[in-house]
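This report goes through selected features of one structure, shown below. Each heading names a topic.

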Protein chains: 2
Amino acid sequence: MFKTIEWTDDGVRMIDQLKLPTQEVYVTCRTYEEVAEAIRSMLIRGAPAIGVAAAMGVALGVKNSGARTIPELRADFDKIADTISQTRPTAVNLFWAVKRMREVCEGLLTVARGGTCPDDIGSPPGAPMNRGATEAEKIAVAKARLIEEAQRILAEDIAINEAMGRHGATLMPDSGTVLTHCNAGALATGGYGTALGVIRAAVSAGKKIDVFADETRPFLQGARLTAWELAKDGIPVTLITDNMAGHFMKLGQIKAVIVGADRIAANGDVANKIGTYSIAVLAKENQIPFYVAAPLSTIDMSLTSGEQIPIEERSPAEVTHWAGVPTAPENIAARHPAFDVTPHRYVTAIITERGIAREPYTESLKALSA
Amino acid sequence: MFKTIEWTDDGVRMIDQLKLPTQEVYVTCRTYEEVAEAIRSMLIRGAPAIGVAAAMGVALGVKNSGARTIPELRADFDKIADTISQTRPTAVNLFWAVKRMREVCEGLLTVARGGTCPDDIGSPPGAPMNRGATEAEKIAVAKARLIEEAQRILAEDIAINEAMGRHGATLMPDSGTVLTHCNAGALATGGYGTALGVIRAAVSAGKKIDVFADETRPFLQGARLTAWELAKDGIPVTLITDNMAGHFMKLGQIKAVIVGADRIAANGDVANKIGTYSIAVLAKENQIPFYVAAPLSTIDMSLTSGEQIPIEERSPAEVTHWAGVPTAPENIAARHPAFDVTPHRYVTAIITERGIAREPYTESLKALSA
């Protein structure tokens, strides 16, 4: 199998998702700016993977920082975190990961000013920080600890996906076709996947599932990524264009829909790749269950409704061209909202690592997040 | 402006819709087999345009026939009609046009055996055919009359579209955005268009309409053709991917949907380009009117429901590639139904050249077709 993202001594290594499926190429980002650009260009994409990349980008930036004092380190951290945070606005996992890294850093720096250090390198948990350490030593500890934290986020993400798989597999049909949109697979996460993780777990449990993958215009994550990773795994996959999904639902050929999410509001409204809302409406119209698989880090309890989720508008050139070939007349206007919001009334269940949430989501998500 | 299709002394001249929008190239088909291939390859497409092309293909085949006797001419006609009829199964206009050409031919051949000739060349209407004419002279009359009939079908088609425009314009909003799918424009007809004809008529009547065009995967008729012909006409057009339509409906940015049709059953079920059903469901969910504009020749009164309409399944390669560039891993399975059926309950009104039909369509379409 492949690794979507990993920490190496040289930097953050990622599979180049812009080159899939024709080439399997790995890129090593050696600066946090390169990590930011990889997120922005969608060389790496998928909410959980963006979260891991953000954490690793922060760790890489801090590692490379020449700060000699704690105030300098703190200033560098802020600059790095700002750059990473400005790459993409919708997936909340990015902000969640940066916040988690900031908390670790602040904890250490506070310790460095004389607090206690719960798990400091070289100190037993809860031991007071060595007050005699030099500022340089304290900075070295912070760097090491942030690198460790980023790797922990990756490892946790894979474990979370496997847990989601176990919960979600029970919802999958014993046999038949499951529709998915975009790529919520190993490529969208640290590994295993959210929606595709649930499908993997169901197949591992002996369910006879095949997958219809929407190609997912304009970036074709379904055609390029979902088809690629499922074929690699030996799970039967059939590619369709986005506008065919409703047709196959009406013909009774789809038993369930499962997708990932980029941000979920406290009421269960789901922001996900553009086109998800349409599929959810079509699923409801055809009495087909519509499932969302997402880690709790995707749930933004600060938002009461999906209407508050910022929707990224990307370049129209991604709509008017494919692989450099224009698909439309020159200078034609185009729109490119990268996400849409599916109101919770269309969502049959939300699968998380701690269990399955159903309506009323305001209560069920709160209980799982507690 | 451009001519989608026209009869010339050299053959049937068409704008090459496979080369649009990057090149405006015209092709002259010199044999009926070339016309059949142009329909099959979608060099010309759109139900009414296919009807015109089919009629011209028949006329061209008969013109080129070396038949010396009426039985030979009849045999040639059958061969030509069979070839043309086997190009594409869904658009009923093709079969309608071939049938109309056959009726003209049969009428003349019957006349040639001693009936009356209502509008024979050189004879006053209703005059008996010159019984002293040689068989060669009778064949020449049949050839000329079929060429004339094919050109008449083209001229009628344009007039019909203009009539649909006048009826349909009253349904369009005074201002705002109208969504269309695929290309039901001048390029899909003899000229002016069905759905885009209604938009043209509304704009001519002073309505401040702009158009959102679905790109319409996999063949991209919206991106390549609708965007091109509306831009050429100065009607504001914005390109979106198919999976964005629902998002913009939910945001309240679409005031009406209008599409064409490839075949309409007696109960009002509409076969049209794949993706139409999804848009219709989304329109209903968002309380947006969904209109279909189609000539009466698109209505197949022999079918009681849309379930009886044959749906063409085209090559999966059209789904897995774009402009020769693979969009998916090699050898991935794909499906390619070229059309879907929208049940009549989602259709707000059907605009024809004789007026507007509404539920119950079984009655309203019958009345208009009578």
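## A buried loop residue in chain B

Ala133(B) is located in the loop that runs between α4 (92–112) and α5 (135–169) of chain B. Helices here (H or I, at least four residues) and strands (E, at least two) are DSSP runs, numbered from the N terminus. With a relative accessibility of 16%, Ala133(B) counts as buried; the term buried stands for under 20% relative accessible area, exposed for over 50%, and partly exposed for what is in between (1.4 Å probe, protein chains only). Between Ala133(B) and Ile209(B) there are 76 residues in sequence and 58 Å in space, taken from C-alpha to C-alpha.

## Basis of the model

This is a predicted model, in which local features need pLDDT of at least 70 and side-chain atom pairs count only at pLDDT 80 or more, while totals for chains, interfaces and linings use all residues. Residues are numbered from 1 along each chain as its sequence is written, chains are lettered from A and ligands numbered from 1 in the order in which they are written, and side-chain values use heavy atoms, with hydrogens and water left out.

## Helix packing in chain A

Two packed helices are described by the angle between their axes and the distance between the axes. Axes are lines fitted to C-alpha atoms, for helices over the stretch in contact, and angles run from 0 to 180 degrees between N-to-C directions. In chain A, helix α1 (residues 32–40) packs with helix α3 (residues 70–85) at an angle of about 15°, and their axes are 9 Å apart. This makes α1(A) roughly parallel to α3(A); angles under 35 degrees count as roughly parallel, over 145 as roughly antiparallel, 65 to 115 as roughly perpendicular and the rest as oblique.

The crossing of α1(A) and α3(A) is right-handed. A crossing is called left-handed if the near helix is turned anticlockwise from the far one by less than a right angle, and right-handed if clockwise. On the α1(A) side the contact is made by Tyr32(A), Val35(A) and Ala36(A), and on the α3(A) side by Lys79(A), Ile80(A), Thr83(A) and Ile84(A). Contact means heavy atoms within 4.5 Å. Sorted by class, the contact of α1(A) with α3(A) has five nonpolar, one polar and one charged residues. Ala, Val, Leu, Ile, Met, Phe, Trp, Tyr, Cys and Pro count as nonpolar, Asp, Glu, Lys and Arg as charged, and the others, Gly among them, as polar.

## Helix packing in chain B

Helix α1 (residues 32–40) of chain B packs with helix α2 (residues 47–63) of chain B at an angle of about 165°, with 8 Å between their axes. α1(B) and α2(B) are therefore roughly antiparallel to each other. Their crossing is left-handed. Tyr32(B), Val35(B) and Ile39(B) of α1(B) make the contact with Ile50(B), Ala53(B), Ala54(B), Gly57(B), Leu60(B) and Gly61(B) of α2(B). The classes in the contact of α1(B) with α2(B) are seven nonpolar, two polar and no charged residues.

## The largest nonpolar core

A nonpolar core is a set of buried Ala, Val, Leu, Ile, Met, Phe, Trp, Tyr and Cys residues joined through side-chain atoms within 4.5 Å. The largest one has 134 residues, of which Val257(A), Ile258(A), Val257(B) and Ile258(B) touch the most other members. Not counting residues up to four places away in sequence, Ile258(A) touches a list of residues that includes Met172(A), Leu179(A), His181(A), Tyr291(A) and Ile351(A).

## A strand residue and a loop residue

Val270(B) belongs to strand β9 (residues 270–273) of chain B. Val270(B) is buried, its relative accessible area being 0%. Neighbours within four places in sequence aside, the contacts of Val270(B) include Gly260(B), Arg263(B), Val292(B), Asp340(B) and Ile350(B).

Asn286(A) sits in the loop between α9 (276–285) and β12 (290–293) of chain A. At 18% relative accessibility, Asn286(A) also counts as buried. Apart from neighbours within four places in sequence, Asn286(A) is in contact with Met249(A), Lys250(A) and Tyr277(B).

## Backbone details

The peptide bond between Leu20(B) and Pro21(B) is cis, with omega about 0°. Pro21(B) is in the loop between β2 (11–15) and β3 (26–29) of chain B. Another cis peptide bond runs from Arg217(B) to Pro218(B), where omega is near 0°.

Leu220(A), although not a glycine, has a positive phi of about 60°. Leu220(A) is buried, with a relative accessible area of 1%.
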